[in-house]
Amino acid sequence: MLFGLALMAVPLLAAVLYAVLQIRDLADTGQKIVIQGVTGAHASQALFGQIASLERTARLHAVLKDPKLLDAYRTQDERLSSTREQLHTLATGDARITLEEIGQLQESIRASVMSNSAADPSARFAQLSDLVERVAQQSNAQVDAEVAALQERTLKARQQLLWLAALLLPLAIVAVFVLTVGVGRPLRQLDRAISELGQGTFTNPIEVSGPHDLERLGGQLEWLRQRLLDLAHERNRFLRHMSHELKTPLANIREGTELLMDGAVGELDSNQREVAAILRENGIKLQRMIENLLSFSAWQTSSVGLEATEFRLRPLVKQVLENQQLTLLSQRVRLDVRVEDLTLIADRGKIRLILENLVSNAVKYAGPQLVLDVADSGPGIPLEDRGHVFEAFYTGRAARATAVKGTGIGLSVVLEFVAAHGGTVQIVDGEFPGAHFRITMPLRAGSGDRPRVEPKAQAHAA
């Protein structure tokens, strides 16, 4: 997993580092261009002012012949030279050549002024201003060229980053695939194995291929599967052993009961025959329970399969119901049997066990019940009131909105009295326009707990 994460992270980090370096280089170059442009513009403006001051001082000296004006001229000339040198360090190409021409012309003018020449320097100062104007234009052209070069570099860097991203995308996909195959597949194998163990399926060996830690975890799950399988085998062996041990005395009990019922030891009166019938019925029940245990144990261990034969369904159902006859009479349950005379090809013994268990369960929980429905044509019971209508002194919105007022205790009394009879109260929807209550309770009253209120899942206000 760490290798897969590193495989994805290292190229991404390299791309990010490259992008940061490119952006920093472009930012430094842009900052340098801005500084050069601003400094060059300021220096060019300063040159124009300094040339004007220098020309004015030279004119005054030519008229007044004042030595102090020569000192002022020297100072201004030095300032002009300093500004020219500053521009010279920033300039390249033609601008440098023009600045050198300015320096030569400046020396020529300086020599003329210091020698008290009578020649008018105005033409040469005008030429000097023209040269400074040319330098400003050349500096602007230089800045424009550098800006264009920066734009080209920016476009090139953008293209490089796009190509890098296009290269990293398949690498990332490959890394994700490698991580999925290397980690995802063993995780799915582990998940499937744990699900099978949770469902009680211990027959499929657990094999996990992948990183060492996951393989070791798969080995521990395989050990757990073997232990659970051994425990299941031991349980089934115990069930088979106990069932076989119980069948022998049970067969003797049933045989003795049949002999009593047949009058082998003398005729039985009605009370004795009833007791013998009870013994016979419970012996059949116990036999069915043992057969269930044996069948379940054998099926779980896959030691038996289906023994399919051809047989008729109606006689089999009749046999099952005859075995349940005493229980049906004691429970006073009336059967409504509707069986078509079908011919099946199946395992007759297992079909018999299926029917015996289902009929026995149905008879056990069957009982006569009273179902009482009370409905009205009113507004019904809103959903938000259904959890409270059986609480004492609660009145719903519909009741508060009408002129007919109640105490809010009626339904709570209904609930308590139905509970005392072991019944339930249910709110039903869809059959009547208003409120619809259904009471279900046994015909033979017995003590019961407080029932649940069971509105249907799809219930809604009528």
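Is Arg 59 buried, partly exposed or exposed?

Mentor: Arg 59 is partly exposed, because its relative accessible area is 40%. Keep in mind that this is a predicted model.

Start with the partner. Arg 59 makes a salt bridge with Glu 55, and the closest N and O atoms are 3.3 Å apart. Both residues belong to helix 1, which covers residues 2-64, and they sit four residues apart, about one turn of the helix. The general idea is simple: side chains of opposite charge can pair when their charged atoms come close.

The side chains of Asp 77 and Arg 110 meet in a salt bridge with an N to O distance of 2.5 Å. Asp 77 is in helix 2 (residues 67-90) and Arg 110 is in helix 3 (residues 94-114), so this pair ties together parts that are 33 residues apart in sequence. Their surroundings also deserve a look. Asp 77 counts as buried because its relative accessibility is 4%, while Arg 110 is partly exposed, with a relative accessible area of 27%.

The other one is Asp 341 with Arg 312, where the closest N and O atoms are 2.8 Å apart. Here distant parts of the chain are linked: Asp 341 lies in the loop between helix 8 (325-331) and strand 2 (343-347), Arg 312 lies in strand 1 (residues 308-312), and the two are 29 residues apart. Asp 341 counts as partly exposed at 37% relative accessibility, and Arg 312 counts as partly exposed at 46%.

While you're on helix 2, click on Arg 84, which is found there too. Its relative accessibility is 14%, so Arg 84 counts as buried. Setting aside neighbours within four places in sequence, Arg 84 is in contact with Leu 47, Leu 99, Ile 102, Gly 103 and Gln 106.

You'll find Leu 268 between helix 5 (212-261) and helix 6 (270-300). Leu 268 is buried because its relative accessible area is 18%, and the cut-off for buried is under 20%. Again leaving out neighbours within four places in sequence, the contacts of Leu 268 are Leu 260, Met 261, Arg 273 and Ala 276.

Now for the aromatic rings. A search of the whole structure turns up one aromatic pair. That pair is Phe 390 with Phe 437, arranged edge-to-face, at 6.1 Å centre to centre and with 85° between the planes. Phe 390 lies in the loop between strand 3 (369-375) and helix 10 (397-401), and Phe 437 lies in strand 5 (residues 436-442), so the pair ties together parts that are 47 residues apart in sequence. Phe 390 and Phe 437 are both buried.

For something on the outside, go to Val 174, Phe 177, Val 178 and Val 181. They form a nonpolar patch on the surface, with about 330 Å² of accessible area together. Val 178 is found in helix 4 (residues 122-198), and Val 178 counts as partly exposed because its relative accessible area is 36%.

Zoom out and you have a protein with 11 helices and five strands. Of its 462 residues, 29% count as buried. The accessible surface comes to about 29,800 Å², and 60% of that belongs to carbon and sulfur atoms. As for how the chain meets itself, take the contacts with a separation of 6 or more: residues 24 or more positions apart account for 73% of them.

Last, a word on confidence. The protein averages a pLDDT of 77, and 85% of the residues score at least 70. Among the elements, strand 1 has the highest mean pLDDT (89) and helix 10 the lowest (57). Where pLDDT is low, the predicted coordinates should not be read in detail.

Key: Residues are numbered from 1 along each chain as its sequence is written. This is a predicted model: local features need pLDDT of at least 70, side-chain atom pairs count only at pLDDT 80 or more; totals for chains, interfaces and linings use all residues. Side-chain values use heavy atoms; hydrogens and water are left out. A salt bridge is a side-chain nitrogen of Lys or Arg within 4 Å of a carboxyl oxygen of Asp or Glu. Buried means under 20% relative accessible area, exposed over 50%, partly exposed in between (1.4 Å probe, protein chains only). Rings of Phe, Tyr and Trp (its six-membered ring) pair if their centres lie within 6.5 Å; planes under 30 degrees apart count as stacked, over 60 as edge-to-face and the rest as tilted. Patches are made of residues with over 30% relative accessible area and no salt bridge: like charges are joined within 9 Å, nonpolar side chains (Val, Leu, Ile, Met, Phe, Trp, Tyr) within 5 Å. Accessible areas come from the Shrake-Rupley method with a 1.4 Å probe; for residues, only the protein chains shown count as cover. Contact means heavy atoms within 4.5 Å. pLDDT is the predictor's confidence in each residue, from 0 to 100.
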